[in-house]
Amino acid sequence: MDEKKVREAIYCIKANIGEAICEECVNYYKCDHTKMDDMMRTAIEALEKQLPKKPEMRTTYNDFDGRLIYYKGFCPSCGGVVGSYRNESCHHCTQMLDWSE
Ligand SMILES: [Zn+2]
């Protein structure tokens, strides 16, 4: 996902929390309009996980010749143990991770 677009979306959604923009929604007459802020916060939370964050307490693991094998650390969003050998995102909460220095 394009990082710039994600940042713009987060900014825009935050700016609209508490604003009445329900009128065009197909569920306008069925909805009690109390859920929107909550859903927007959920959307922001999901979008923020698309922006890579650095793992906390990154540890480097090398083989016997001193070559880097992988990194390990803790997810900055959920605190779960994450490792660079698995993938680019936290497998607990989907937070994108940045393993660079
Ligand atoms: Zn996580």
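A residue is called buried if 20 or more other C-beta atoms lie within 10 Å of its own, exposed if 12 or fewer do, and partly exposed in between, with the C-beta atoms placed from the backbone. The structure is a predicted model, in which local features need pLDDT of at least 70 and side-chain atom pairs count only at pLDDT 80 or more, whereas totals for chains, interfaces and linings use all residues. Residues are numbered from 1 along each chain as its sequence is written.

**View 1. Helix H1 is hardly covered.** Among the 14 residues of H1, the count of buried residues is zero. Helices (H or I, at least four residues) and strands (E, at least two) are DSSP runs, numbered from the N terminus, and H1 takes in residues 3-16. The expected span of a helix is 1.5 Å times one less than its number of residues; for the 14 residues of H1 this gives 20 Å, which agrees with the end C-alpha atoms being 20 Å apart.

**View 2. Helices H1 and H2 cross at roughly 160 degrees**. The axes of H1 and of H2 (residues 36-48) come within 10 Å, where axes are lines fitted to C-alpha atoms, for helices over the stretch in contact, and angles run from 0 to 180 degrees between N-to-C directions. The two helices are therefore roughly antiparallel to each other, given that angles under 35 degrees count as roughly parallel, over 145 as roughly antiparallel, 65 to 115 as roughly perpendicular and the rest as oblique. The crossing of H1 and H2 is left-handed, a term used if the near helix is turned anticlockwise from the far one by less than a right angle, with right-handed used if clockwise.

**View 3. The contact of H1 with H2 is made by residues of both helices**. H1 contributes Val 6, Ala 9, Ile 10, Ile 13 and Lys 14, while H2 contributes Met 40, Ala 43, Ile 44, Leu 47 and Glu 48; two residues are in contact if their C-beta atoms, placed from the backbone, lie within 7 Å. These residues divide into eight nonpolar, no polar and two charged, where Ala, Val, Leu, Ile, Met, Phe, Trp, Tyr, Cys and Pro count as nonpolar, Asp, Glu, Lys and Arg as charged, and the others, Gly among them, as polar. Ala 43, in helix H2, is partly exposed, with 13 other C-beta atoms within 10 Å. Ala 43 and Ala 9 are 34 residues apart in sequence, and their C-alpha atoms are 9.5 Å apart in space.

**View 4. Met 57 and Thr 94 have positive phi values**. Met 57, which is found in strand E1 (residues 56-62), has a phi of about 50 degrees although it is not a glycine, and with 7 C-beta neighbours inside 10 Å it counts as exposed. Thr 94, likewise not a glycine, has a positive phi of about 75 degrees; Thr 94 lies in the segment after strand E3 (81-83) and is partly exposed, with 13 other C-beta atoms within 10 Å.

**View 5. Lys 54 lies in the loop between H2 and E1**. Lys 54 is exposed, with 12 other C-beta atoms within 10 Å, and, leaving aside its neighbours within four places in sequence, is in contact with Pro 76 and Asp 98. From C-alpha to C-alpha, Lys 54 and Ser 89 are 11 Å apart in space, although 35 residues apart in sequence.

**View 6. Val 81 lies in strand E3, and Trp 99 in the segment after E3**. Val 81 is exposed, with 12 other C-beta atoms within 10 Å, and touches Lys 72 and Phe 74, not counting residues up to four places away in sequence. Trp 99 is partly exposed, with 17 other C-beta atoms within 10 Å; not counting residues up to four places away in sequence, Trp 99 touches Pro 55, Tyr 71 and Ser 84. Trp 99 and Ile 69, which are 30 residues apart in sequence, are 13 Å apart in space, C-alpha to C-alpha.
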